[in-house]
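User: I would like to learn how to read the features of a structure of this kind, step by step. Could we start with the general idea each time and then turn to the case at hand?

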Amino acid sequence: MLFYLIDSFSKGGLGMNTSIATSIVAIYGALIYMSTVIGGFVSDRLLGPRKTVFWGGVLIALGNFILVLPLKFVGLYVSIVIIVLGTGFLKPNVSDMVGGLYSKKDDRRDAGFNIYYMGINIGALLAPFIVGWVGQTYSYHAGFALSTIGMIFGLIQYYIGSKKYLGNDGLYPNDPIKPEEKSKVIKQVSWVTAIIIVGLLVMYFTHTLNVNNIIFIITILGILLPAIYFFNIFRSPKITPKDRKNVIVYIVVFVASVFFWSIYEQTMTIFPLVAEQMTNLKLFGLHVQASQFTGFNALFVLIYSPIVAAMWTKMGKHQPSSTSKFTIGLLASAFSFLVLLIPIAINGVGVKFSGWWLILSIAIVEIGEVFLSPSGLSLTTKLAPKAFNAQMMSIWFLGDAAAQSFNAQLVKLYSVPNATMYFGVMGVIAIIIAVILFSMRGMLAKLIQL
């Protein structure tokens, strides 16, 4: 996506400014995670997770197909809207279904999520190497066509497999909407739609309707949305005092996760630029495409996940607390940025260094992901009030949305000349947050009530 935006028209791209294109990719990621709020609501109140996941896959396939067509900017923005909605339907509900396979006190829970994570990353390993290579070597539209085909095959196996293995699990909503609530929901949706339309009209007539301003508004929304969501859960009559204590613990680790995701998600925005602008793209004597470096994220997850899953299974009740796992994740994210200072110091700013340094950085941040992300998914399903199971999973993804919303502004500060300052400051901040979180681990453990 990033290289499709910044590549020239003559090479099949859209010829965008690099800074704006990077912000668009970041805010695109933020919107995907913000849309999990919609997916959580649809699952909990209307369709149940199984059907919501299926229709999410249909929308994702459709959005990718639109990118196959030579529709330029119209196709880009329409596809973004459709894929964002589809992923919002799919993402939280798949995770919620995995959580439903285990009781809240089952020691295999974190290991189960690691296995689930491993499954996801088999596809995430193959996609960048194949789609990235086809897209940058031959045609971006051909790359998007492969994505469409992949999603269609995914839908087929999901439909057949769910009937065979899942029985009635996930077929029905956890908190189905009551007839008397329908008019209220319709009214709320209408108000939100009206506000969006009026806002866009005002921006249009005041000549402020442009990409940068839209991104800025979404940035603010992405940061405010989790706070609003937590407030609504706290004031709900459907949660107990015990639930409230658990949610307080969850808020603390949620904030820590935002700092981790802010660094991690830059492997999809800043790291491809680093690959293109600052690294030698030859590995094992072969030329690789800059977009293919994102495949190494999944490769290291596949290497680490079985090891970590085995560790947690063997350790059982003696495994580190979620807070400790989050601390390790934050430290890994910090060192993934700080390690890039070494080749810059050795070679000098602007001199291309070996791509292995970038791979090392990805290897380090992925240690953080396999510690933090499955643990976070497990903790979310463990601490979620019953009436908010899928919606709490949506909140977990809102942490990534908040991080990428922030990144949409942050990535504008990156450039080759100031790379040392950029990576150094971000790394130090992550270390400080990790130390603060670790110091709170005892207090948080006492608050949790299952």
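Analyst: Helices are DSSP runs of H or I with at least four residues, strands are runs of E with at least two, and both are numbered from the N terminus. With that in hand, Tyr-250 and Phe-254 both belong to helix H10 (residues 241–264), where they are four residues apart, about one turn of the helix. The model is predicted, so that local features need pLDDT of at least 70 and side-chain atom pairs count only at pLDDT 80 or more, whereas totals for chains, interfaces and linings use all residues. Residues are numbered from 1 along each chain as its sequence is written, and side-chain values use heavy atoms, with hydrogens and water left out.

User: How many aromatic pairs does the structure hold, and what is the geometry of the pair formed by Tyr-250 and Phe-254?

Analyst: Rings of Phe, Tyr and Trp (for Trp, the six-membered ring) pair if their centres lie within 6.5 Å, and planes under 30 degrees apart count as stacked, over 60 as edge-to-face and the rest as tilted. The structure holds 25 aromatic pairs. One of them is formed by Tyr-250 and Phe-254, which is tilted, with 6.4 Å centre to centre and 35° between the planes. Phe-326 and Trp-396 have ring centres 6.1 Å apart and planes at 65°, so this pair is edge-to-face.

User: Are Phe-326 and Trp-396 buried or exposed?

Analyst: A residue is buried under 20% relative accessible area, exposed over 50% and partly exposed in between, with a 1.4 Å probe and protein chains only. Phe-326 counts as buried because its relative accessibility is 0%, and Trp-396 is buried with a relative accessible area of 2%. Tyr-250 and Phe-254 are both buried as well.

User: Which ring does the charged end of Lys-325 sit over?

Analyst: A charge sits over a ring if NZ of Lys or CZ of Arg is within 6 Å of the ring centre and within 35 degrees of the ring normal. Here the charged end of Lys-325 is placed over the ring of Trp-312, 4.3 Å from its centre.

User: What does Thr-36 touch, not counting residues up to four places away in sequence?

Analyst: Contact means heavy atoms within 4.5 Å. Thr-36, whose place is in helix H3 (residues 36–47), touches Gly-88, Lys-91, Pro-92, Ser-394 and Phe-397, leaving aside residues up to four places away in sequence. Thr-36 is buried because its relative accessible area is 0%. Val-42 is also placed in helix H3 and counts as buried at 10% relative accessibility. With the same exclusion of residues up to four places away, Val-42 touches Leu-47, Gly-48, Thr-52 and Phe-89.
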